[in-house]
Number of protein chains: 2
Amino acid sequence: MKIAIIDDDILVSTALKTILEADGLIHVCATATDGADALRLYETHQPDVLLMDIRMKGTDGLDASSQILTRYPQARILLLTTFSDDGYIIQALKIGVKGYLLKQDYTSIVPALHAVCNGQTVFGREIVSRIPDLLQKKKEFSYADLGITKKEYGLITLVADGLNNKEIAGKMHLSEGTVRNYLSNILDKLELRDRTQLAVFYYQHL
Amino acid sequence: MKIAIIDDDILVSTALKTILEADGLIHVCATATDGADALRLYETHQPDVLLMDIRMKGTDGLDASSQILTRYPQARILLLTTFSDDGYIIQALKIGVKGYLLKQDYTSIVPALHAVCNGQTVFGREIVSRIPDLLQKKKEFSYADLGITKKEYGLITLVADGLNNKEIAGKMHLSEGTVRNYLSNILDKLELRDRTQLAVFYYQHL
DNA sequence: GCACCTTTATGACAAATGTCATCAAAAGAC
DNA sequence: GTCTTTTGATGACATTTGTCATAAAGGTGC
C-alpha cells in the first residue's frame, strides 16, 4: 500500500513515516512539505492514500485536497489535524476527503489508512461528536437578522428553486406584479442586483 | 422528567408511551398527532424533551421543530425517523435538534432521552455514519458527461457567481452577444430555462 | 486548391426582469 | 370613530435576457 505524506514539519513527517512503515504492508512512497506540491506528487506517485496535515504554511491541506479531488475524484485523502482547530471539519467533509483524524491519536492512523484504502471513510470519534455543534453554528444568519420577513423568505426559496415570477405568483397566490415588487424590495435589502445573485446568496449563506 | 410525544400514528405514540413509562423516571405529559400542534403543546406543558416523528401528514417534524426552536432555542427535541429517509439529517442538524434516532432502535430511546435531558446531543450510530456521504457535495456528474465543454463550464461558474452577461463577456474576453449564444446553448443542453436555473443546477449538482 | 468545422460576432426580436409611482383595501393603533 | 401601516395590485418604463438566423475568420483534412 503506497502512502504519501505531506506535512510542513519535517519532524512530524519522519515520525509518521517510521510509525507507518512499522506496519509491514505500508510503504511511504513520497513526502512533501508544502501543499502546493501535493497535486504534482499525487500525479507522479499515484499513492493509494494521501496523508496530509491541514495546517501548513503556504497552501494548506484543504486547498490542496480540493485541487486534487477536483481533478481526481477517486483520490483517497486522509487529513490530520490538532484538536484545537475544528473549524475545517465541515469544509473537509464537503470537499470529500476520505478521513479526518487527530494527530494526537497516532495509534489509529495505521488502521485508518487500511480502512480508507478499502473504500471506507474514517472520522475520529472526537471529530464526529463535534459535527452537530459545527453544523448548527454554520447557520450564518437567519433571515430575520437583516429585515427579511417570513413571506419574503418564502419567495427567496422559490427563486432559489429556479421559478420565474409567474410561477412564484401562482404558488404564493399573488399577482405577478406584486411578486416583482417583493423581489425588488428583497434585492434592495440584501444589496443584490438580480434574481440569480439572490439564488447564489441563498445557496452560499442561507 | 416530562416528555411530550408527537406522532401522527396513534399506535406508535401509545407504544412509545408504554415503553417510556416503564422507565420510572419518565412521565409522558402530553401527546399530539399533528406537527401544527407542537408549538402550542410545548408552550402549555413545557416538557423537558419533545419526542417527535419526522414524517407526518400535515406539518412535518422538521417544520414543527424549526418553529419551536426559533422561539425557544433552549428546547430539547429528539426526532424519530425510519431508516429509509436520511434526507432530513443535515437539515435537522442545522435546525439544532438535540437528537435524531431510528424508530427501529427502540431500546436506545430511553437512554437517549436521559442523555438529551442532561444537555447532550444524541445521534444514532447509523445516522452519524451517513453524515459524511450526505454532506459531501456530491459531484453527481462532471461537466464532461453531458456535453459541456471546458469553456462552457467556465461560463457556468461565472453565472453561478451572479455575474451578468456583460461582466462575463469582460472576464472571458468575448462579446456580450457571444456570451448570450453560449449561454443559450448551455441552457439547451441541460434543458434549463434561464440563468437562475443554471445557477441552481450548479449548486445542486455540480 | 476546396470542403468542413469551430469559434466568435452581429442584428433583430419577443419575453422576462427590475424599478418606480401610485392606488386601494385590510388591519392595527390611538 | 380617525389615523397609520401593512398588504397587494396596476401600469409604465428601461434594461436584461434568451432565441434565432446569419456570417466572417481560422484551422483541419484531403
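Helices here (H or I, at least four residues) and strands (E, at least two) are DSSP runs, numbered from the N terminus, and a helix touches a strand where residues are in contact, that is, where their C-beta atoms, placed from the backbone, lie within 7 Å. Axes are lines fitted to C-alpha atoms, for helices over the stretch in contact, and angles run from 0 to 180 degrees between N-to-C directions. The structure is a predicted model, in which local features need pLDDT of at least 70 and side-chain atom pairs count only at pLDDT 80 or more, while totals for chains, interfaces and linings use all residues. Residues are numbered from 1 along each chain as its sequence is written, and chains are lettered from A and ligands numbered from 1 in the order in which they are written.

Strand β1 (residues 2–6) of chain B pairs with β2(B) in the parallel sense over five bridges, and I6(B) has A32(B) as its bridge partner in β2(B). Further along, β4(B) and β5(B) run parallel and are joined by four bridges, with L79(B) standing opposite Y100(B) in β5(B). Two bridges join β5(B) to β6(B), again in parallel, and here G99(B) stands opposite V122(B) in β6(B).

Six strands of chain A form an open sheet with parallel pairing, in the order β2-β1-β3-β4-β5-β6, and the edge strands, which each pair on one side only, are β2 (27–32) and β6 (122–123) of chain A. Strand β4 (residues 77–81) of chain A is paired in the parallel sense with strand β5 (residues 99–102) of chain A over four bridges, where L78(A) has G99(A) as its bridge partner in β5(A). On this sheet, α2(A) lies across β1 (2–6), β2 and β3 (49–53) of chain A, running at about 150° to β2(A), whereas α3(A) touches β3 and β4 of chain A and makes about 175° with the direction of β4(A).

These two helices of chain A also pack on each other. Helix α2 (residues 38–45) of chain A and helix α3 (residues 61–71) of chain A have axes 9 Å apart and meet at an angle of about 40°. They are therefore oblique to each other, since angles under 35 degrees count as roughly parallel, over 145 as roughly antiparallel, 65 to 115 as roughly perpendicular and the rest as oblique. The crossing of α2(A) and α3(A) is right-handed, which applies if the near helix is turned clockwise from the far one by less than a right angle, anticlockwise being left-handed. In this contact A38(A), L39(A) and Y42(A) of α2(A) meet A64(A), Q67(A) and I68(A) of α3(A); by class, the residues are five nonpolar, one polar and no charged. Ala, Val, Leu, Ile, Met, Phe, Trp, Tyr, Cys and Pro count as nonpolar, Asp, Glu, Lys and Arg as charged, and the others, Gly among them, as polar.

Between the chains, 23 residues of chain A are in contact with 22 residues of chain B. On the side of chain A that touches chain B, α4 (89–95), α6 (125–137) and α10 (195–205) of chain A each supply at least two residues, and α10(A) gives the most, with six residues. That side divides into 13 nonpolar, six polar and four charged residues.

The DNA strands remain. Around DNA strand C there are 16 residues, of which the closest are S184(A), D194(A), L174(B), S175(B) and G177(B); a residue is near a strand if its C-beta atom, placed from the backbone, lies within 6 Å of it. The elements giving two or more residues to this surface are α9 (176–190) of chain A and α9 (176–190) of chain B, and the largest share, five residues, comes from α9(A). Around DNA strand D there are 16 residues, and L174(A), G177(A), T178(A), S184(B) and D194(B) come nearest. Here α9(B) gives the most, with five residues, and by class the surface near DNA strand D has three nonpolar, eight polar and five charged residues.

Notes
Contact = placed C-beta atoms within 7 Å. Pairing = 2+ DSSP bridges.
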